[in-house]
Structure formats: C-alpha cells, structure tokens
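Here is a friendly briefing to read alongside the model. Keep the picture open as you go, and try to find each piece for yourself.

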Amino acid sequence: MAHKILIVDDAAFMRMMIKDILSKNGYQVVGEAADGAQAIEKYKECAPDLVTMDITMPEMDGITALKEIKKVNPNVKVIMCSAMGQQAMVIDAIQAGARDFIVKPFQADRVLEAISKVLS
C-alpha cells in the first residue's frame, strides 16, 4: 500500500512541486495545508504516515505546528522544508522532533531519499 503523505507549505507552487515528485514515485498525497494551524487539523483528519512541513509560514510556523502534532502523535514522522540560510531554524526543528530536512528549491532525488529514509 502506498504511504500517505501530508504536504504543508504556504506556497501553492511548492506544494504542487512536492506533490508531483511524490505522486510520480508511488506515494499517496492525502492532504495539503497552507499554514501550521491547517496542518494540525489536516493531520488529525488524514492520519498520514509522514508530513513534509515548511518552516516559515503565516499564522503558525512549522516548528510550532510540529510540536502541536507531536502532542497528538508522539511518533509522528515529519520532514522539515527550508530555504537556504535557515540553518538555525533547521536545528530547532530537529530538536523539536523533525526526522530530517530538505532544502528549497527541491531536488526530486533528495526529497525521495529523505522520505524513504524516514519511512523505513
């Protein structure tokens, strides 16, 4: 059965890019969210196997959303997405419980490598 993935990014273009990479490689995208607050709701609704989470978003950032989702499921698998130059935030994300991170602009092989590593 295909792994279910929730994509969280405030940029529709970025969500579309990740969705495209995942769909072409046998993953099932079960939901999308544009900010951290939506991410928490979608997570509860969809119960995905993995979440790709942007760090910088309006309303609620990805690190805060990650901490909230961990209250729902302490074993949640989250891969953070960040732009270049956000190393400090990536470290915060890993300390908050993210399993890995990918850097924008996305490279398909790196996205797939991170996802298969976290899911295995």
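Strands β1 (4–8) and β3 (50–54) run parallel and are joined by four bridges. Helices (H or I, at least four residues) and strands (E, at least two) are DSSP runs, numbered from the N terminus; two strands pair if DSSP finds at least two bridges between them. This is a predicted model, in which local features need pLDDT of at least 70 and side-chain atom pairs count only at pLDDT 80 or more, while totals for chains, interfaces and linings use all residues. Residues are numbered from 1 along each chain as its sequence is written, and side-chain values use heavy atoms, with hydrogens and water left out.

**Strand β1 and its partners**

- On the β3 side, the bridge partner of Ile 7 is Thr 52.
- β1 also runs parallel to β2, and five bridges join the two.
- One of the pairs there links Ile 5 with its bridge partner Val 29 in β2.
- Four of the five residues of β1 are buried, so the strand is largely enclosed by the rest of the structure. Here, buried means under 20% relative accessible area, exposed means over 50%, and partly exposed lies in between (1.4 Å probe, protein chains only).
- Together with helix α1 (residues 12–24), β1 and β2 make a right-handed β-α-β unit. A crossover is right-handed if, with the strands pointing away from the viewer, the path from the first strand over the helix to the second runs clockwise.

**The whole sheet**

- How many strands form the open sheet, and in what order? There are five, in the order β2-β1-β3-β4-β5, with parallel pairing.
- The edge strands are β2 (28–33) and β5 (100–103), each of which pairs on one side only.
- From one strand to the next, the twist averages 20°. Axes are lines fitted to C-alpha atoms, for helices over the stretch in contact, and angles run from 0 to 180 degrees between N-to-C directions.

- Is β4 enclosed or open? Five of its five residues are buried, so β4 is largely enclosed by the rest of the structure.
- Both faces of β4 are covered: Val 78, Met 80 and Ser 82 are buried on one side, and Ile 79 and Cys 81 on the other.
- β3 and β4 run parallel, joined by four bridges, and Val 51 stands opposite Val 78 in β4.
- To get from β3 to β4, the chain passes through α3, and this β-α-β crossover is right-handed.
- With β5, β4 (residues 78–82) pairs in the parallel sense over four bridges. Ser 82 has Val 103 as its bridge partner in β5, and Cys 81 has Ile 102.

**Thr 52, a residue of β3**

- Thr 52 sits in strand β3 and is buried, with a relative accessible area of 0%.
- Leaving aside neighbours within four places in sequence, Thr 52 is in contact (heavy atoms within 4.5 Å) with residues including Ile 5, Ile 18, Ile 79, Cys 81 and Ile 115.

**Helices around the sheet**

- Helix α2 (residues 36–46) lies across β1, β2 and β3, running at about 150° to β2.
- Helix α5 (residues 108–119) packs on the sheet and touches β1, β3, β4 and β5; its direction makes about 170° with that of β5.
- In α3, Gly 62, Ile 63, Ala 65, Leu 66 and Ile 69 are buried. Seen down the axis of α3, its buried residues fall within an arc of 155°, so they line one face of the helix; the arc is that of the directions from the helix axis to the C-beta atoms.
- The buried residues of α3 pack against α2, β3, β4 and α4.
- In α4 (residues 87–96), the buried residues are Val 90, Ala 93 and Ala 96. They cover an arc of only 120° around the axis, which puts them on the same side of α4.
- Those buried residues pack against α3 (62–72), β4 and β5, whereas the face turned away carries the exposed residues Gln 87, Ala 88 and Gln 95.
- Gly 97 follows α4, and its phi is positive, near 120°.

**Cysteines**

- A disulfide is a covalent bond between the sulfur atoms of two cysteines.
- A search of the whole structure finds zero disulfides, counting a pair of cysteine sulfur atoms within 2.5 Å as one.
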